[in-house]
Amino acid sequence: MLPTVSKGRSPSSVRHNPVFPQYLRRIVKWQQMDIEYTFWQMLHLCTSPKVVYQHTKFHKQTKNQWARDDPAFAVICSLLLVVATSAYCVAYDHSVAHAVFTVISVLVFHFFITGVLLATCCWFLTNSYLREEVANSHAVEQRVEWLYAFDVHCNSFFPLFVMLYVIQYFLSPLLVAHGFFPVLLSNLLFMVAVSYYNYLNFLGYDVLPFLEKTTFFLYPISLIILLSPLLILSGFNPTRYVMSIYFS
């Protein structure tokens, strides 16, 4: 019996995967997007994220791929990000042209470029160093799909968006004030948001049965917890810093 996949080659190098082009084509076809299921996922990513990744297992069983074939999550995240950034511009910006530039730059850099870079780094790291060695030479070699790595980023980004774009917006009059309490509250908000992002990143890769040592994705949380008291004692206010970049 011949091996299904030759040694040293990934399945993507053997045959063309049509999932990504199909994913891009569906972005402009709202009628093919499952909006209700997307909002269900967003809610549970904030409350019961393990439930979402249990459904990822079911998706693998039914569609034979880990990644979503529906771009609704990324599209809705983008729209919500535009709305949230526009709200900041209404409150703190004094130029329409600068507001438009801010909305576009936040969408392009905060979500897409940062997302692509983080997804690519995690995709490379998991496929290069975290995959289990296949003892049976006849077994199919499994690899993390790049689109799944981007899905994991999108999942992890949404609760961070809720905390650092929505909650922070309503607390911003307090957070940008001077004094110890705004510094403390701002740092705690950023600490929880970024830590939760890394925790969801861990859950996304831990669900894949062919990966090992996925606790690696939890290590940044320790660094964040160690750095936060230092930032608080130094008087650094991340909210004021970010706001000064866009609305100085």
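This is a predicted model: local features need pLDDT of at least 70, side-chain atom pairs count only at pLDDT 80 or more; totals for chains, interfaces and linings use all residues.
**Exercise 1. The salt bridge**

Solution. 
- Step 1. Apply the cut-off: a side-chain nitrogen of Lys or Arg within 4 Å of a carboxyl oxygen of Asp or Glu.
- Step 2. Name the partners. They are Asp 151 and Arg 68, with an N to O distance of 3.5 Å.
- Step 3. Asp 151 sits in helix H7 (residues 146–175). Arg 68 sits in the loop between helix H4 (49–63) and helix H5 (72–92). The two are 83 residues apart, and the pair links distant parts of the chain.
- Step 4. Check burial. Asp 151 and Arg 68 are both buried.

**Exercise 2. H6 against H7**

Task: Describe how helix H6 (residues 96–130) packs on H7.

Solution. 
- Step 1. Take the geometry. The angle is about 135°, and the axes are 9 Å apart.
- Step 2. Classify it. H6 is therefore oblique to H7. Angles over 145 degrees would count as roughly antiparallel.
- Step 3. H6 crosses H7 in a right-handed manner.
- Step 4. Inspect the contact. H6 contributes residues including Val 106, His 110, Phe 111 and Trp 123. Among those from H7 are Trp 146, Phe 150, His 153 and Tyr 165.
- Step 5. Sort by class. The contact of H6 with H7 has 12 nonpolar residues, four polar and no charged.

**Exercise 3. H7 against H8**

Task: What orientation do H7 and helix H8 (residues 180–206) take to each other?

Solution. 
- Step 1. Take the geometry. The axes of H7 and H8 come within 8 Å and cross at roughly 165°.
- Step 2. Classify it. H7 and H8 are therefore roughly antiparallel.
- Step 3. The H7 and H8 crossing is right-handed.
- Step 4. Sort by class. The contact of H7 with H8 holds 23 nonpolar, seven polar and no charged residues.

**Exercise 4. Tyr 88**

Task: Where is Tyr 88 found, and what is in contact with Tyr 88?

Solution. 
- Step 1. Locate it. Tyr 88 belongs to helix H5.
- Step 2. Judge burial. Tyr 88 has 5% relative accessibility and so counts as buried.
- Step 3. List the contacts. Beyond four places in sequence, Tyr 88 is in contact with Asp 93, Leu 164, Tyr 165, Gln 168, Tyr 169, Met 243 and Phe 247.
- Step 4. Compare sequence with space. Tyr 88 and Tyr 169 are 81 residues apart in sequence. Their C-alpha atoms are 7.0 Å apart.

**Exercise 5. The whole chain**

Task: How many helices and strands does the chain have, and what share of its contacts spans at least 24 residues?

Solution. 
- Step 1. Count elements. The chain has 10 helices and zero strands.
- Step 2. Take burial. Of its 248 residues, 42% count as buried.
- Step 3. Take contact range. Among contacts between residues at least 6 apart in sequence, 79% join residues at least 24 apart.

Definitions and conventions:
Residues are numbered from 1 along each chain as its sequence is written. Side-chain values use heavy atoms; hydrogens and water are left out. Helices (H or I, at least four residues) and strands (E, at least two) are DSSP runs, numbered from the N terminus. Buried means under 20% relative accessible area, exposed over 50%, partly exposed in between (1.4 Å probe, protein chains only). Axes are lines fitted to C-alpha atoms, for helices over the stretch in contact, and angles run from 0 to 180 degrees between N-to-C directions. Angles under 35 degrees count as roughly parallel, over 145 as roughly antiparallel, 65 to 115 as roughly perpendicular and the rest as oblique. A crossing is left-handed if the near helix is turned anticlockwise from the far one by less than a right angle, and right-handed if clockwise. Contact means heavy atoms within 4.5 Å. Ala, Val, Leu, Ile, Met, Phe, Trp, Tyr, Cys and Pro count as nonpolar, Asp, Glu, Lys and Arg as charged, and the others, Gly among them, as polar.
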